[in-house]
Amino acid sequence: MWLQAIVVRRQLESADVAGFELRGVSGKLPNFVPGQYISVQVTLPDGARQIRQYSLSRGSTAGDWRIAVKRLNVGDTPAGEVSNFIYDNVFEGQQLRVSVPMGEFTLDDSADPLVLVSAGIGCTPIMGMLQELVATQSPREVVVLHADQSAAAHAYRHELADLVGRLPAGRLHTWYERAHVEHPADGIGRMSLDRLPIDLSSTVFVCGPRPFMSAINEDLVSLGIPQEQINHELFGPLASAVA
């Protein structure tokens, strides 16, 4: 099912990520569960219609939808043409053709501890989950782990820290490939779980590039977390992303 949504706000969230707040053209947009995604269909300059998926980066209690689009430096290849087109050409007041929310990368209703792991633009479904946890005043233990190129490249960096700080049992750890004295991180380079106190009963959500997800999945299993407790955001067969 396709809907028309209007961009009511566009905001830069990092050097190459733009956030788009969407509102229904013909009434309220459908409800969703934090962690779900929508498909966006665009018509490119050559007339081709292309569809790409974007996670909803806001909690379900907010009303409007929000997605984040990263501009990719890959020219006109299929991997980046839709995101680059939206980033370069879509602004406030314009409309987007969107699907209803989909996906099963969503929080459960248990009281089990949570570990939310992301890299780069993979933070978007995690942001929606955190907003929901804050809005419902969840008492769950929540460990948030994020890796990025740098503090400047980290989309929603300030919002992420604020949300985790508002959780009664929230902890945030970050890793950046490039260090900056004004924006320190817990680690430089590859995310490492070795010295983190992670409850082995935790439900884990991992979202990011495929090599990152594969490496983190291996690390989590090595720590003793059962594979069935690890959830991945993936638009394709799990086996292709997690060895």
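Tutor: Before we start, one term: two strands count as paired if DSSP finds at least two bridges between them. Keep in mind, too, that this is a predicted model.

Student: OK, how many bridges pair E7 and E8?

Tutor: The two strands run in the parallel sense. One spot to look at is leucine 116, which stands opposite valine 144 in E8. Pairing needs at least two bridges, and the count for E7 and E8 is six.

Student: Where does that pair sit, and what is the strand order of the open sheet?

Tutor: The open sheet has six strands with parallel pairing. Its edge strands, E10 (187-188) and E12 (230-232), each pair on one side only, and E7 and E8 are paired with each other. Read across, the order is E10-E9-E8-E7-E11-E12.

Student: Which strands does helix H4 lie across?

Tutor: Helix H2 also packs on the sheet, touching E7 (114-119), E8 and E11 (203-207), with its direction at about 150° to that of E7. H4 covers residues 210-223 and runs at about 160° to E11. The strands it lies across are E7, E8, E11 and E12.

Student: Now H3: why do its buried residues line one face, and what arc do they fall within?

Tutor: The buried residues of H3 (157-165) are Leu160, Leu163 and Val164. They line one face of the helix because, seen down the axis of H3, they fall within an arc of 95°.

Student: And what covers those buried residues of H3?

Tutor: His158 and Gly165 are exposed on the other side of H3, so leave them out when you look for the cover, since exposed means over 50% relative accessible area. The elements covering the buried residues include H2 (123-135), E8 (142-148) and E9 (170-176).

Student: What geometry does the aromatic pair have?

Tutor: A search of the whole structure finds one such pair. Phenylalanine 105 is in the loop between E6 and E7 and phenylalanine 205 is in strand E11, 100 residues apart, and both are buried. The ring centres are 5.3 Å apart and the planes are at 85°, so the pair is edge-to-face.

Student: Which ring does the charged end of arginine 10 sit over?

Tutor: Look at helix H1 (81-89), whose buried residues pack against E1 (2-14), E2, E3, E4 and E5. Tyr87 is one of those buried residues. The charged end of arginine 10 is 5.1 Å from the centre of the ring, and that ring belongs to tyrosine 87.

Student: Last one: is proline 226 buried, exposed or partly exposed?

Tutor: Proline 226 is in the loop between H4 and E12. Buried means under 20% relative accessible area and exposed over 50%. With a value of 28%, proline 226 is partly exposed.

Technical notes: Residues are numbered from 1 along each chain as its sequence is written. This is a predicted model: local features need pLDDT of at least 70, side-chain atom pairs count only at pLDDT 80 or more; totals for chains, interfaces and linings use all residues. Side-chain values use heavy atoms; hydrogens and water are left out. Buried means under 20% relative accessible area, exposed over 50%, partly exposed in between (1.4 Å probe, protein chains only). Helices (H or I, at least four residues) and strands (E, at least two) are DSSP runs, numbered from the N terminus. The arc is that of the directions from the helix axis to the C-beta atoms. Contact means heavy atoms within 4.5 Å. Axes are lines fitted to C-alpha atoms, for helices over the stretch in contact, and angles run from 0 to 180 degrees between N-to-C directions. Rings of Phe, Tyr and Trp (its six-membered ring) pair if their centres lie within 6.5 Å; planes under 30 degrees apart count as stacked, over 60 as edge-to-face and the rest as tilted. A charge sits over a ring if NZ of Lys or CZ of Arg is within 6 Å of the ring centre and within 35 degrees of the ring normal.
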